[in-house]
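Me: I have a new structure to read. Can you take me through its features one at a time?

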Amino acid sequence: LKNLRKLKTEGQASHQFDLATNLSKLADLYVKTERMSDAEQGFKESLLMYRRLAERSPGSYRIYVVGALNHLGDLYHATAQMKEAAKSYQEALGIGQDLAKGNPAIYQMIVSQTLSSLGNVYSDVGLAKDAEHAYGEALAIDRSMALLNPPVYQAHVVDTLNNLAILYNRTRKIDNAERILPEAQEICQERVKDDPATYRPRLA
(Lines give C-alpha, C1' and ligand atoms only; values in the text may rest on other atoms or scores of the structure.)
Protein backbone atom coordinates (compact mmCIF):
# COMPACT_ATOMS: atom_id res chain seq x y z
CA LEU A 1 0.00 0.00 0.00
CA LYS A 2 2.88 2.37 0.78
CA ASN A 3 4.27 1.83 -2.72
CA LEU A 4 0.87 2.46 -4.24
CA ARG A 5 0.63 5.79 -2.44
CA LYS A 6 3.78 6.94 -4.26
CA LEU A 7 1.85 6.55 -7.51
CA LYS A 8 -0.87 8.93 -6.36
CA THR A 9 0.68 11.90 -8.13
CA GLU A 10 1.44 10.10 -11.37
CA GLY A 11 -2.09 10.40 -12.70
CA GLN A 12 -2.30 6.93 -14.20
CA ALA A 13 -5.86 5.69 -13.91
CA SER A 14 -4.92 2.06 -13.34
CA HIS A 15 -2.59 3.01 -10.49
CA GLN A 16 -5.15 5.36 -8.98
CA PHE A 17 -7.79 2.65 -9.15
CA ASP A 18 -5.50 0.09 -7.50
CA LEU A 19 -4.70 2.52 -4.72
CA ALA A 20 -8.35 3.38 -4.12
CA THR A 21 -9.29 -0.29 -4.07
CA ASN A 22 -6.54 -1.21 -1.64
CA LEU A 23 -7.42 1.69 0.64
CA SER A 24 -11.01 0.48 0.69
CA LYS A 25 -9.90 -3.06 1.56
CA LEU A 26 -7.70 -1.71 4.32
CA ALA A 27 -10.62 0.33 5.65
CA ASP A 28 -12.75 -2.84 5.69
CA LEU A 29 -10.06 -4.48 7.81
CA TYR A 30 -10.08 -1.51 10.18
CA VAL A 31 -13.85 -1.89 10.56
CA LYS A 32 -13.44 -5.56 11.47
CA THR A 33 -10.85 -4.63 14.09
CA GLU A 34 -12.99 -1.72 15.35
CA ARG A 35 -10.54 0.98 14.28
CA MET A 36 -13.38 3.17 13.10
CA SER A 37 -11.49 6.46 12.76
CA ASP A 38 -8.88 4.79 10.57
CA ALA A 39 -11.64 3.10 8.58
CA GLU A 40 -13.38 6.42 7.99
CA GLN A 41 -10.16 8.00 6.77
CA GLY A 42 -9.54 5.09 4.39
CA PHE A 43 -13.04 5.14 2.95
CA LYS A 44 -12.93 8.92 2.51
CA GLU A 45 -9.60 8.77 0.72
CA SER A 46 -10.73 5.97 -1.58
CA LEU A 47 -13.95 7.89 -2.30
CA LEU A 48 -11.97 10.98 -3.29
CA MET A 49 -9.88 8.94 -5.72
CA TYR A 50 -12.92 7.26 -7.23
CA ARG A 51 -14.54 10.66 -7.69
CA ARG A 52 -11.49 11.91 -9.59
CA LEU A 53 -11.47 8.82 -11.77
CA ALA A 54 -15.21 9.20 -12.42
CA GLU A 55 -14.69 12.78 -13.55
CA ARG A 56 -12.42 11.49 -16.30
CA SER A 57 -14.37 8.34 -17.14
CA PRO A 58 -17.89 8.33 -15.68
CA GLY A 59 -18.97 5.15 -17.40
CA SER A 60 -16.15 3.16 -15.86
CA TYR A 61 -15.89 4.55 -12.35
CA ARG A 62 -19.18 6.04 -11.12
CA ILE A 63 -20.24 2.65 -9.80
CA TYR A 64 -17.15 2.64 -7.56
CA VAL A 65 -18.19 6.03 -6.19
CA VAL A 66 -21.52 4.42 -5.27
CA GLY A 67 -19.72 1.57 -3.52
CA ALA A 68 -17.47 3.92 -1.56
CA LEU A 69 -20.42 6.05 -0.49
CA ASN A 70 -22.27 2.95 0.68
CA HIS A 71 -19.22 1.84 2.67
CA LEU A 72 -19.10 5.23 4.34
CA GLY A 73 -22.82 5.10 5.00
CA ASP A 74 -22.46 1.69 6.64
CA LEU A 75 -19.64 2.99 8.82
CA TYR A 76 -21.57 6.08 9.86
CA HIS A 77 -24.65 4.00 10.62
CA ALA A 78 -22.61 1.57 12.72
CA THR A 79 -21.16 4.47 14.72
CA ALA A 80 -24.55 6.20 15.14
CA GLN A 81 -23.64 9.14 12.90
CA MET A 82 -27.08 9.08 11.35
CA LYS A 83 -27.03 12.42 9.54
CA GLU A 84 -23.78 11.52 7.79
CA ALA A 85 -25.04 8.02 7.02
CA ALA A 86 -28.21 9.34 5.39
CA LYS A 87 -26.22 11.87 3.37
CA SER A 88 -23.86 9.19 2.04
CA TYR A 89 -26.69 6.83 1.15
CA GLN A 90 -28.70 9.58 -0.51
CA GLU A 91 -25.82 10.53 -2.78
CA ALA A 92 -25.15 6.86 -3.59
CA LEU A 93 -28.84 6.41 -4.36
CA GLY A 94 -28.93 9.33 -6.77
CA ILE A 95 -25.93 8.08 -8.72
CA GLY A 96 -27.19 4.49 -8.68
CA GLN A 97 -30.60 5.47 -9.99
CA ASP A 98 -28.99 7.42 -12.79
CA LEU A 99 -26.83 4.42 -13.72
CA ALA A 100 -29.85 2.11 -13.57
CA LYS A 101 -31.65 4.17 -16.20
CA GLY A 102 -29.06 3.05 -18.73
CA ASN A 103 -28.61 -0.52 -17.54
CA PRO A 104 -31.21 -1.66 -15.01
CA ALA A 105 -30.19 -5.33 -15.15
CA ILE A 106 -26.80 -4.47 -13.66
CA TYR A 107 -27.55 -1.56 -11.37
CA GLN A 108 -31.09 -2.04 -10.05
CA MET A 109 -30.05 -4.30 -7.17
CA ILE A 110 -27.44 -1.79 -6.05
CA VAL A 111 -30.23 0.78 -5.96
CA SER A 112 -32.38 -1.62 -3.94
CA GLN A 113 -29.61 -2.29 -1.42
CA THR A 114 -28.97 1.42 -0.99
CA LEU A 115 -32.68 2.07 -0.48
CA SER A 116 -32.78 -0.61 2.19
CA SER A 117 -29.76 0.88 3.96
CA LEU A 118 -31.36 4.32 3.81
CA GLY A 119 -34.60 2.85 5.12
CA ASN A 120 -32.71 1.35 8.06
CA VAL A 121 -31.31 4.77 8.97
CA TYR A 122 -34.72 6.42 8.68
CA SER A 123 -36.25 3.69 10.82
CA ASP A 124 -33.58 4.06 13.50
CA VAL A 125 -34.09 7.83 13.79
CA GLY A 126 -37.88 7.57 13.85
CA LEU A 127 -38.67 8.76 10.32
CA ALA A 128 -41.21 6.01 9.81
CA LYS A 129 -42.87 7.37 6.66
CA ASP A 130 -39.53 7.91 4.94
CA ALA A 131 -38.39 4.44 5.99
CA GLU A 132 -41.57 2.84 4.69
CA HIS A 133 -41.20 4.67 1.38
CA ALA A 134 -37.55 3.57 0.98
CA TYR A 135 -38.38 -0.04 1.83
CA GLY A 136 -41.35 0.04 -0.53
CA GLU A 137 -39.18 1.18 -3.43
CA ALA A 138 -36.60 -1.45 -2.60
CA LEU A 139 -39.26 -4.14 -2.43
CA ALA A 140 -40.63 -3.20 -5.86
CA ILE A 141 -37.16 -3.63 -7.34
CA ASP A 142 -36.57 -6.89 -5.47
CA ARG A 143 -39.87 -8.33 -6.72
CA SER A 144 -39.13 -7.38 -10.33
CA MET A 145 -35.68 -8.94 -10.18
CA ALA A 146 -37.01 -12.06 -8.46
CA LEU A 147 -39.40 -12.60 -11.35
CA LEU A 148 -36.37 -12.81 -13.65
CA ASN A 149 -34.23 -14.98 -11.39
CA PRO A 150 -36.00 -16.31 -8.29
CA PRO A 151 -33.11 -18.33 -6.80
CA VAL A 152 -30.85 -15.30 -6.75
CA TYR A 153 -33.19 -12.49 -5.79
CA GLN A 154 -35.95 -13.94 -3.63
CA ALA A 155 -33.70 -13.67 -0.58
CA HIS A 156 -33.69 -9.91 -1.13
CA VAL A 157 -37.49 -9.92 -1.17
CA VAL A 158 -37.46 -11.75 2.17
CA ASP A 159 -35.00 -9.32 3.72
CA THR A 160 -36.96 -6.26 2.64
CA LEU A 161 -40.24 -7.74 3.82
CA ASN A 162 -38.60 -8.44 7.18
CA ASN A 163 -37.32 -4.86 7.37
CA LEU A 164 -40.82 -3.60 6.70
CA ALA A 165 -42.24 -5.91 9.35
CA ILE A 166 -39.75 -4.62 11.92
CA LEU A 167 -40.72 -1.07 11.04
CA TYR A 168 -44.42 -1.86 11.37
CA ASN A 169 -43.85 -3.49 14.74
CA ARG A 170 -41.93 -0.43 15.94
CA THR A 171 -44.75 1.85 14.85
CA ARG A 172 -47.43 -0.48 16.25
CA LYS A 173 -48.87 -1.31 12.84
CA ILE A 174 -49.16 -4.93 13.82
CA ASP A 175 -51.79 -5.74 11.19
CA ASN A 176 -49.43 -4.61 8.43
CA ALA A 177 -46.60 -6.71 9.83
CA GLU A 178 -48.83 -9.77 10.07
CA ARG A 179 -49.97 -9.20 6.49
CA ILE A 180 -46.50 -9.31 4.93
CA LEU A 181 -44.63 -11.82 7.09
CA PRO A 182 -46.38 -14.92 5.68
CA GLU A 183 -44.99 -14.12 2.22
CA ALA A 184 -41.45 -14.01 3.60
CA GLN A 185 -41.96 -17.29 5.45
CA GLU A 186 -43.45 -18.95 2.37
CA ILE A 187 -40.47 -18.00 0.22
CA CYS A 188 -38.05 -19.33 2.83
CA GLN A 189 -39.93 -22.61 3.17
CA GLU A 190 -39.92 -23.08 -0.60
CA ARG A 191 -36.22 -22.33 -0.97
CA VAL A 192 -34.67 -23.77 2.16
CA LYS A 193 -34.19 -27.29 0.76
CA ASP A 194 -32.25 -26.02 -2.25
CA ASP A 195 -30.31 -23.33 -0.40
CA PRO A 196 -30.31 -23.97 3.35
CA ALA A 197 -27.35 -21.68 4.06
CA THR A 198 -29.26 -18.70 2.69
CA TYR A 199 -32.80 -19.41 3.84
CA ARG A 200 -32.59 -21.37 7.11
CA PRO A 201 -31.34 -18.34 9.09
CA ARG A 202 -34.19 -16.30 7.60
CA LEU A 203 -36.70 -18.83 8.94
CA ALA A 204 -35.53 -18.29 12.52
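This is a predicted model: local features need pLDDT of at least 70, side-chain atom pairs count only at pLDDT 80 or more; totals for chains, interfaces and linings use all residues.

Me: How many salt bridges does a search of the whole structure find?

Reply: A salt bridge needs a side-chain nitrogen of Lys or Arg within 4 Å of a carboxyl oxygen of Asp or Glu. The search finds eight here. One of them joins Lys44 to Glu40, with the closest N and O atoms 3.1 Å apart.

Me: Where do Lys44 and Glu40 lie?

Reply: Both are in helix 3, which covers residues 36–56. They are four residues apart, about one turn of the helix.

Me: Is each of them buried or exposed?

Reply: Buried means under 20% relative accessible area. Glu40 has 19% relative accessibility, so it counts as buried. Lys44, at 42%, counts as partly exposed.

Me: Which salt bridge does Asp98 form?

Reply: Its side chain meets that of Arg62, at 2.8 Å from N to O. Asp98 is in helix 5 (residues 82–102) and Arg62 is in helix 4, so the pair ties together parts 36 residues apart in sequence. Asp98 counts as partly exposed at 36% relative accessibility. Arg62 is partly exposed too, at 25%.

Me: What does Arg170 pair with?

Reply: Arg170 forms a salt bridge with Asp124, at 3.0 Å from N to O. Asp124 sits in helix 6 and Arg170 in helix 8 (residues 150–170), so this bridge ties together parts 46 residues apart in sequence. Asp124 has 39% relative accessibility and counts as partly exposed. Arg170 has 48% and also counts as partly exposed.

Me: Now the rings. How many aromatic pairs are there?

Reply: Ring centres within 6.5 Å make a pair. The whole structure has five such pairs. Phe17 and Tyr64 form one that is edge-to-face, 4.8 Å centre to centre, with 75° between the planes. Phe17 is in helix 2 (residues 13–32) and Tyr64 in helix 4 (residues 58–78), so the pair links distant parts of the chain, 47 residues apart. Ring pairs also link Phe17, Tyr50, Tyr61 and Tyr64 into a cluster.

Me: Why does Ser117 count as buried?

Reply: The cut-off is under 20%. Ser117 is at 17% relative accessibility, so it counts as buried. Gln108, at 21%, counts as partly exposed.

Note on methods:
Residues are numbered from 1 along each chain as its sequence is written. Side-chain values use heavy atoms; hydrogens and water are left out. Buried means under 20% relative accessible area, exposed over 50%, partly exposed in between (1.4 Å probe, protein chains only). Rings of Phe, Tyr and Trp (its six-membered ring) pair if their centres lie within 6.5 Å; planes under 30 degrees apart count as stacked, over 60 as edge-to-face and the rest as tilted. Helices (H or I, at least four residues) and strands (E, at least two) are DSSP runs, numbered from the N terminus.
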